[in-house]
Amino acid sequence: MDTVCSRTTQTSEEARGDAILRDADATIAPKAIELPTCLLCVCLSGSVYCEEVSPEMSAVPVLPKETGYLYARFNKIRKIRNKDFGDMVTLRRIDLAGNLIAEIDVGAFANLHNLEELILAENRLTKLPMLPAKLVLFNANFNKLKSSGVKATAFKKLTKLAYLYLGDNELTSVPHLPESLHVVHLQNNKIEAITDETFCKGNTSYYVRTKMEEVRLDGNPVVLANYPYSFICLQSLPVGWYN
């Protein structure tokens, strides 16, 4: 009988011990959103590194006011809200590649007046928000972007944009391309046709697009041979493999 009681007592004590351990674990490993940003990430001289954060990061963390560069790649961020960045005038580069972003509030980046580089590659976007005017580089490769979600004039007012990457999406047409562009990648989309004004000015043969260095259209159903005058203003023909 004593042996049975002793075993019962031990079992009860073990149960209480397990409960204590569970509570301790919960205290030790809170959710990512509950931790201070510079404890969860690495903050160094105006740069915040939040790459492959554990525990799981599903939203943009609160950033220190002096943040100039955010690297939050390869997490589980699903949505970008207007309040995530607000009007942080210090931000110059945001890299959110390799997340699960499917939705971005229209004005999420609109007030980032000094933002120069925005990288949203390898997400699940079907449309683009408003983009800040001083962008130099925009990368949205490997998303699910559709032409219905990218306004024809989405990049028209970005007069400093030099590098535009929209490859491996579901675009059926080419948006307006600002004169400032050096590189534009549109490979592996669903573009079926272009015009003499997609890259050039169809009403003149004297126009030369001097800044454009590289165009990619490979992997689209468009047959470039059907548009012999579409590239006469470029200093080199589109790169890549074409049928």
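Where is the place of L115? L115 sits in the loop between β6 (103-104) and β7 (117-119), where helices (H or I, at least four residues) and strands (E, at least two) are DSSP runs numbered from the N terminus. The model is a predicted one, in which local features need pLDDT of at least 70 and side-chain atom pairs count only at pLDDT 80 or more, while totals for chains, interfaces and linings use all residues. Residues are numbered from 1 along each chain as its sequence is written, and side-chain values use heavy atoms, with hydrogens and water left out.

L115 counts as buried because its relative accessibility is 0%; buried means under 20% relative accessible area, exposed over 50%, and partly exposed in between (1.4 Å probe, protein chains only). Leaving aside residues up to four places away in sequence, L115 touches L91, R92, R93, I94, P132, K134 and L135, a contact being heavy atoms within 4.5 Å. T90 lies 25 residues from L115 in sequence, with 8.0 Å between their C-alpha atoms.

Turning to the whole fold, the protein chain holds three helices and eleven strands, and its pattern along the sequence reads α-α-β-β-β-β-α-β-β-β-β-β-β-β. Of the 243 residues, 42% are buried. Among contacts with a separation of 6 or more, 45% come from residues 24 or more positions apart. The chain exposes about 13900 Å², of which carbon and sulfur atoms supply 52%; accessible areas come from the Shrake-Rupley method with a 1.4 Å probe, and for residues only the protein chains shown count as cover.

Eleven salt bridges are found in the whole structure, each a side-chain nitrogen of Lys or Arg within 4 Å of a carboxyl oxygen of Asp or Glu. One of them joins E116 to R92 at 3.3 Å, N to O. This pair links distant parts of the chain, with E116 in the loop between β6 and β7 and R92 in the loop between α3 (82-85) and β5 (93-95), 24 residues apart. E116 is partly exposed at 33%, and R92 is likewise partly exposed at 35%. Salt bridges with shared partners also join E51, R73, R93, D95 and E117 into one network. In the pair R81 and D84, the side chains meet at 2.8 Å, N to O; R81 is partly exposed at 31% relative accessibility, whereas D84 is buried at 9%.

The largest pocket has about 480 Å³ of space, and the closest to its centre among its 20 lining residues are P129, M130, L131, K151 and A154. On a 1 Å grid over the protein atoms alone, a pocket is an open set of points with protein on both sides within 12 Å along at least five of seven lines, a cavity is a set where a 1.4 Å probe fits but cannot get out, and lining residues have an atom within 4 Å of a point. Grid points are joined across faces, edges and corners, and a volume is the space filled by probe spheres set on the points. The lining of the largest pocket has 13 nonpolar, three polar and four charged residues, with Ala, Val, Leu, Ile, Met, Phe, Trp, Tyr, Cys and Pro counted as nonpolar, Asp, Glu, Lys and Arg as charged, and the others, Gly among them, as polar. The second largest pocket has a volume of about 180 Å³. One cavity of 30 Å³ or more is counted; the largest cavity holds about 40 Å³ and is lined by A102, E103, I104, L125, T126, K127, L128 and P129.
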